[in-house]
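I opened a new notebook page for this complex. My plan is to go through each chain and write down what I look up.

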Amino acid sequence: MSAHPRRTSPGPESRHPSRDSRPPSATRQKDIALIDLLDRLLDGGVVLAGDITLAVADVDLVYVGLRALVSSVAAAERQGVPLPR
Amino acid sequence: MIYVYAITDAIELHDGPSGLHGGQVQAIEHEGIACVFSTHDQLEVSSDPELLWAHERVVDHLMDRGAVLPLRFGSVLRDPEALRAILDEDGARFRLLLSRVRGCVELAVRVGLASSEPGALAGGRDYMRERLAARQREEDAADRVLTPLRPLARATAHRPVQAGNTTVSESYLVPRAAVEPFAAEVRALQARNPGLSISCTGPWGPYSFVDGGGR
């Protein structure tokens with residue numbers, strides 16, 4: 001996967017300035033950009049009328065998995081748990 | 001079959017990115033608006049991130065050139081004639097939607113909330129109490145972070161909190177010239193609220209601002 005470089009701007013430089021001055025994890029930024037992408041592409045956008053096929057397989061599974069990932073990473077960082085880099 | 005990416009009023013595909021599975025991106029025009037698509041002998045659409053980004057790259061390219069209505073991922077039609085029929089039928093609605101998003105991009109803000117521990121709940125009453133407490137946290141976070149951002153946007157789309165999720169998110173339709181001031185405000189809000197985890201991504205196509213697009 002190659003995240004679009006513009007996608008993580010214009011986010012704040014660090015999400016935990018009071019507790020943690022490390023740069024935000026690139027992995028986590030990528031995860032957040034990906035779930036924001038999923039939110040938009042799978043739940044937003046124009047749906048055409050007519051004989052359209054929404055041919056996406058396996059969406060729910062991946063979607064739920066990513067949501068859980070982003071939620072658990074956010075929760076772990078708040079509790080000060082060191083995350084694998 | 002054809003895979004459809006977006007509707008736009010600027011048909012400039014020169015030097016643009018390829019589409020899903022490297023498909024060549026084409027457009028058909030109808031009375032000043034165009035539908036952008038790629039043709040495929042067979043097409044499997046899964047939620048592979050590479051395919052999702054391929055869709056978004058095409059939308060992104062078009063967004064730099066004109067007003068764009070991104071389509072939902074996975075929009076497949078039989079052939080260009082089916083697409084032409086839709087443009088013929090719904091052209092007026094698409095033009096109205098294009099006028100609403102012209103000059104704007106979408107920014108996504110996500111605010112992390114304190115997580116609950118469902119395993120520690122003793123029974124139904126605790127569950128309800130926790131539900132109410134969670135709702136209160138959500139509203140507090142929204143008050144502190146999301147409300148000050150709304151005046152910077154032309155429109156706002158709130159996304160309901162999903163069960164088990166610990167983030168509140170909102171989408172903003174922001175004029176291009178206001179993207180930097182918006183980002184500066186997000187940074188200031190993060191500095192003022194160190195207990196919250198704020199993320200902001202974009203610019204995206206206006207996926208959350210195409211209401212009336214058939215949903």
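**Chain B, order of elements.** I read chain B from the N terminus and noted β-β-β-α-β-β-α-β-α-β-β-α-β. That gives 4 helices and 9 strands. Chain B averages a pLDDT of 86, and 90% of the residues score at least 70. Confidence in chain B is lowest in helix H3 (residues 124–146), at a mean of 78. It is highest in strand S4 (residues 68–70), at 97.

**Chain B, burial and contacts.** I looked up how much of the chain is buried. Of the 215 residues in chain B, 41% are buried. I then took the contacts with a separation of 6 or more. In chain B, 74% of them join residues 24 or more positions apart.

I started with strand S3 (residues 33–39) of chain B. Is S3(B) enclosed or left open? I found 6 of its 7 residues buried, so S3(B) is largely enclosed by the rest of the structure. Next I looked for its partners. Strand S1 (residues 2–8) of chain B is joined to S3(B) by 6 bridges, and the two run antiparallel. One pair I wrote down is Ile2(B) with Thr39(B). Strand S2 (residues 25–30) of chain B also pairs with S3(B), over 6 bridges in the antiparallel sense. Here Ala27(B) has Val36(B) as its bridge partner. S2(B) and S3(B) form a hairpin with 2 residues between the strands. In that hairpin, Glu31(B) takes a positive phi near 50°. A reminder to myself: strands of a sheet pair through backbone hydrogen bonds, either parallel or antiparallel.

**Helix H1 of chain B.** In H1(B), 12 of the 15 residues are buried, so the helix is largely enclosed by the rest of the structure. Among them are Trp53(B), His55(B), Glu56(B), Asp60(B) and Met63(B).

**Helix H2 of chain B.** I repeated the span check on helix H2 (residues 80–101). A straight helix of 22 residues would span 32 Å, but H2(B) spans only 25 Å between its end C-alpha atoms. Where does H2(B) bend? I found a bend of about 70° at Asp90(B). The buried residues in H2(B) are Leu83(B), Ile86(B), Phe94(B), Leu97(B), Leu98(B) and Val101(B). After H2(B) comes Gly103(B), with a positive phi near 80°.

**One residue in helix H3.** I picked Arg137(B), which lies in helix H3 of chain B. Arg137(B) counts as partly exposed because it has 16 C-beta neighbours inside 10 Å. Its C-alpha atom is 9.9 Å from that of Val168(B), which is 31 residues away along the chain.

**The four-stranded sheet.** I traced an open sheet of 4 strands in chain B, in the order S7-S8-S6-S9, with antiparallel pairing. Strands S7 (155–159) and S9 (197–204) of chain B stand at the edges with a single partner strand each, so one side of each has no neighbour in the sheet. The twist averages 20° from one strand to the next. Strand S6 (residues 104–112) of chain B is joined to S9(B) by 6 bridges. Within this pairing, Val109(B) stands opposite Cys200(B). Helix H4 (residues 179–192) of chain B packs on the sheet and touches S6, S8 and S9. The direction of H4(B) makes about 170° with that of S9(B).

**Chain A.** I turned to chain A, whose elements run α-β-α from the N terminus on. Chain A averages a pLDDT of 57, and 25% of the residues score at least 70. Over residues 1–24 of chain A, pLDDT stays under 50. It also stays under 50 over residues 75–85 of chain A. My caution here: where pLDDT is low, the predicted coordinates should not be read in detail.

**The complex.** Last, I noted the predictor's scores for the complex: an ipTM of 0.82 and a pTM of 0.78.

Key. Residues are numbered from 1 along each chain as its sequence is written. Chains are lettered from A and ligands numbered from 1 in the order in which they are written. This is a predicted model: local features need pLDDT of at least 70, side-chain atom pairs count only at pLDDT 80 or more; totals for chains, interfaces and linings use all residues. The expected span of a helix is 1.5 Å times one less than its number of residues. The bend at a residue is the angle between axes fitted to the seven residues ending there and the seven starting there. A residue is buried if 20 or more other C-beta atoms lie within 10 Å of its own, exposed if 12 or fewer, and partly exposed in between; C-beta atoms are placed from the backbone. pLDDT is the predictor's confidence in each residue, from 0 to 100. Two residues are in contact if their C-beta atoms, placed from the backbone, lie within 7 Å. Two strands pair if DSSP finds at least two bridges between them. Axes are lines fitted to C-alpha atoms, for helices over the stretch in contact, and angles run from 0 to 180 degrees between N-to-C directions.
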